Amino acid sequence: MSASVKLSLQVVAILVACVAVAVMPVAVDLFQLMQFTLFASMAVLALSLGFIWGFGGILCFGQTAFFGLGAYAYAVAAINFGDSTPAILLAIIVPALFALALGYFVFYGRISDVYLGVITLTVTLILFNVFNSMAGDAYKIGTARLGGFNGMPAVPTFNMPFDPSSVLFPEQSWYVTGGALIAIYIGLRLILRSPFGRVAIAVRENETRASLLGYDPRAIKLGVFVLGGAIAGFGGALYVNWGAFVGPTIFSLSLSAEIIIWICIGGLGTLIGPIVGCFIIEYLISQIGSQQSFNSNLVLGAILIVFVLLLPKGLVPTIRLLLEGAGRLATKGRGQAPNAAPDLSAGQPVGAE
Amino acid sequence: MTISRRSFLKTTMTASAALAAPAISTRYAFGSEDPIKVGSLLDQSGAIASSGVTMVTAMQQGIAEINAAGGLLGRPLKLFQYDTQSNIQLYSQYAQQLALKDRVDVVHGGITSASREAIRPTFDRFRVLYFYNVLYEGGVCDRDTFCTGTTPAQTVEKLVPYAMKKSGKKAYILAADYNYGQITAKWMTKYMRDNGGEVLSVDFFPLDVTNFGPTISKIQAAKPDLILSALVGGNHVSFYRQWEAAGMKDQIPIASTTFGLVNEPSTVDAKVSEGIYGCYGYFEELETPESKDFVDKLKKRWPQIPYISELTAATYEGLYLWAEGVKKAGSIDRMKVIEALESGISFKGPSGEVKLDPDTHHTIRNAYLAQVHDRKWNVLETFKAVPPSDTASVCNLIKNPRDNQQYVIDIKA
Amino acid sequence: MDLVAILGLNVVNGAASLFLLCLGLAIIFGMMRIINLAHGEFVMLGAYAAVIAANAGVNIFVAMLIVAPLFVGLVGIVVERCLIQFLYGRLVDSMLATWGLSLLIIGLVTTIFGNTMQGVPTPLGGFAIGAYRTSYYTLFLLAVAIAMLALVYGVLRYTRFGLIARAVMQNPEMAAVLGVNPARVYMATFALGAAVTGLAGGVLAPVSGITPVMGGAYVAKAFITVVGGGAAIISGTVSASGLFGFVNQLGAYFTTPVYGEVILFVSAIILIRLLPQGISGRFFKGTV
């Protein structure tokens, strides 16, 4: 596909998405709208990991650390200020600073691949333990009690900027969340077209070569990581806005694993894939709980295994390949047979080889 | 300035919720033959499923019985049960689904306090009556919510003096490291001191701790007369086993506010559970006709059922209390049912007479003190009609009907 | 003095349990670069196998030391044939698939046995060190850990299988040229890792709460320990579980179990920062 065709397809897709966000409140009932609001907030999280992993080559097992910190930062600030505007800003700044510190620690220590994954996972587990145990009266920030395992209920939701009296209705919350998702997607697309984005991809492909060309891979990776942390933190604020609640399970191992699952299912190395994967899996999980005939774990486990075996590349790249294959029969045959040799083509970053 | 802003925010939020409410009920078209919809949110998979699965059976049994007796107001009941998979986020999702999509008339459910606090605001906001049928740390004060399980003033207050009488004045407290454990540990400390005892140490454990070796050594160094335990969940059962393996079982007795809530006495070895004290609102071994009948019915329909504890009995009684309220109100309108429930509704269930306390929306119910013998609870004492005095000290919904928070009760030890 | 003795015993016990829990994961991760997120569920299966066998009248030691590893080893073979063999060289896919597998196993066990399980009594009894009492079972766990250490070391270092396995892990193509069938070696290695994990589950069964979700308490800690240990299976796992067991147990004794865990995690982070190749990558290069 030529670059111009690709670009125009992307523009069309974004326009379609904008229209979808705009008409959604009319098309579906309130419950479904709120469910989509939730999915969109989690898709922001998916997008953040999809970006740093798929384009920065940073496999972070603990992206939910930034999501959770953003959520807590928002909740604490919103309760204290009573206005969501500074709270949203804090939900971006606090995780970004945390990512800066953590990223400096690991990248400038030249820690890579699976060790990086373990450090981020461990940080998440520490946060989980610490937030879990902060249940007493002593754990208060301003007027906000952190609440330990029970979390913080009844957090004020978004209001119009600097106008705490006009709290957003569910429809408006949807516009904010869905709109933010599209805006972040476009923003990341633009970044990837910028010099910084190109260098980031170069670093992912070959760190040594990039540094020989005069770039500092550590600084580039740190930049990507901080950006990912900031986006995940903002996702956390959107998440709290949906449920008016935050608890330490936001740092749990199962959510960390879920994010990776979204990306694997949607397709690594794409930006749309993580969003698609997130919507599909979250929808599946909520549907599974509505049935009473099978154990929920059983169903979800079986679905994941089937996915890995049948669609090793994830949905979006597979569909893209099928489309391209339909156009050009002469494409290199990348079979879907499960025992096909692992094909580490250039477009597929590898976490920890 | 900030304060007036915030209170303004609160009033506008309530106002907008009030505006939203009529819009919802006008969309709700019902004829008299339509079923009354009962929502239920309980964990049927994941870490908390061991509690949730038997609670679901109580719900299904209660609904079936009410339907067999002709339903309520001439309409059948329909159960909307969702498996929340021990996941707080799914609680919020399904709460919205029940309130907005299924438009249920009442919701029973929630197991951990965290799950209750996640869904309670949703039901307040969308005006759905909510019943929480689990023993917990106390303090919820919300006109839309009824809590039918026991609170520490109903059980811990009885358990601690009894165990002290049987052992001695020095206790060592072990509790799960979250809100329930921390608050229960405070109540234990208070009742120890009220009865002239002394607490040597209070240790908290995250829910995934499985190795209690260091703790057992610490306890041995402290030499208490009594262990008070509020340990929670499958991993913490390891403590009782390692305690017995170290040969401490016969030396220092244990009293627990949580042991036996699922079916611990029958899963651990008889030696491990022998002699442990517990105090709950219900035991399967109770000999009353209502209790035997209840146990027979559940075991007949679900032969696999492990143990029928207070959780299961309170779920069943919670459903019936609501049904009594609907009958008295002659309507399923939320406000009318709440007013009927506040008029002093009571129900004679498996645990005995259960009466709703209008001030706190908690229950005045019997408490039973028991000791494990040969893998069964041996009921030693019965305390009739114990009031929820802990919550009553902070909450009066008749005077302050707009209250909707969970108070942290200031425990003066 | 008594206190020092009992603390020492606790530390050794903590390290030995951690070692037993990690060894199977270390074999699978160290030799095959597969992160097995169903590791905790293998522990759970081992515990279930031991408990069910013991409740059916099998001698408890036979149930723990023979039935549990055999059963989980067989499960390992089935899993490797049906799932893992398609995922070699695909680290992330293997995580995703084994996460699915862990949910599947939890679901299956819950469906068959329900949410709780009748446990087995702890064998052996207790004994006193001065004012402190502890169980002989602590010593038994230590003995099992040492025996496993010797056994796995012996197999990898001195047997023909060990030689071939290490050769295949280093260079599968070359090994294949020399007449080895790599697929069979991978299968055997995975089965060995699973069996060792099953044994850990078996011997921990008498001192743990037995539920289908019990594996969740182990997987993250085991994973962190294995990576902290580095590429060498035995020396890495021994040193890392020794270090982490030490700080965890002492931390838990002097503060609370919450901080005991936090201290373990913090020391893991510092360790990996200082030794990015794990302990064995720095100090025990070239060992097994």
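These are my notebook entries on a predicted model.

**Entry 1: confidence in chain A**

I began with the pLDDT of chain A. The average is 84, and 92% of the residues score at least 70. Over residues 331-353 of chain A, the pLDDT is below 50. That stretch still has 31 contacts in the model beyond near neighbours in sequence. I noted a caution here: where pLDDT is low, the predicted coordinates should not be read in detail.

**Entry 2: a helix pair in chain A**

Next I looked up two helices of chain A. Two packed helices are described by the angle between their axes and the distance between the axes. I took α11(A), residues 272-288, and α12(A), residues 296-310. Their axes come within 10 Å and cross at roughly 150°. Angles over 145 degrees count as roughly antiparallel, so α11(A) is roughly antiparallel to α12(A). I also checked the handedness, and α11(A) passes α12(A) in a right-handed crossing.

Which residues make the contact? On α11(A) I found A:L284, A:I285 and A:I288. On α12(A) I found A:S296, A:V299, A:L300 and A:I303. I sorted the contact of α11(A) with α12(A) by class: six residues are nonpolar, one is polar and none is charged.

**Entry 3: a helix pair in chain C**

I turned to chain C for another pair. Here I took α2(C), residues 39-55, and α9(C), residues 216-229. The axes of these helices come within 7 Å and cross at roughly 130°. α2(C) and α9(C) are therefore oblique to each other. Their crossing is right-handed.

I wrote down the contact residues too. α2(C) brings C:H39, C:G40 and C:V43. α9(C) brings C:G216, C:Y218, C:V219 and C:A222. By class, the contact of α2(C) with α9(C) has four nonpolar, three polar and no charged residues.

**Entry 4: where chain B meets chain A**

I moved on to contacts between chains. I found 35 residues of chain B in contact with 35 residues of chain A. Which elements of chain B each supply at least two residues to this side? I listed α1 (2-27), β2 (77-83), α3 (88-102), α4 (113-125) and α6 (179-194). α3(B) gives the most, with nine residues. The side of chain B that touches chain A divides into 15 nonpolar, 14 polar and six charged residues.

**Entry 5: where chain C meets chain B**

I repeated the search for chains C and B. Here 39 residues of chain C are in contact with 42 residues of chain B. On the chain C side, α1 (2-32), β2 (132-135), α10 (233-254) and α11 (257-274) each supply at least two residues. The largest share comes from α1(C), with seven residues. I counted classes on the side of chain C that touches chain B: 17 nonpolar, 20 polar and two charged.

**Entry 6: the domains of chain B**

Last, I looked inside chain B. The domain assignment gives domain 1 (35-150 + 286-365 + 386-406) and domain 2 (153-280). How far apart do the C-alpha centres of domain 1 and domain 2 of chain B lie? I read 29 Å.

In chain B, 17 residues of domain 1 are in contact with 14 residues of domain 2. On the domain 1 side, the elements that give two or more residues are α2 (49-68), α12 (310-329) and α14 (389-392) of chain B. This side of domain 1 divides into seven nonpolar, seven polar and three charged residues.

Key:
Residues numbered from 1 in each chain as written. Chains lettered and ligands numbered in written order. Predicted model: local features only at pLDDT ≥ 70, side-chain atom pairs only at ≥ 80, totals over all residues. Axes fitted to C-alpha atoms, helices over the stretch in contact; angles between N-to-C directions. Helix = DSSP H or I, 4+ residues; strand = E, 2+ residues; numbered from the N terminus. Parallel < 35°, antiparallel > 145°, perpendicular 65-115°, else oblique. Left-handed = near helix turned anticlockwise from the far one by under 90°. Contact = placed C-beta atoms within 7 Å. Nonpolar A, V, L, I, M, F, W, Y, C, P; charged D, E, K, R; others polar. Domains from an automatic or database assignment. pLDDT = per-residue confidence, 0-100.
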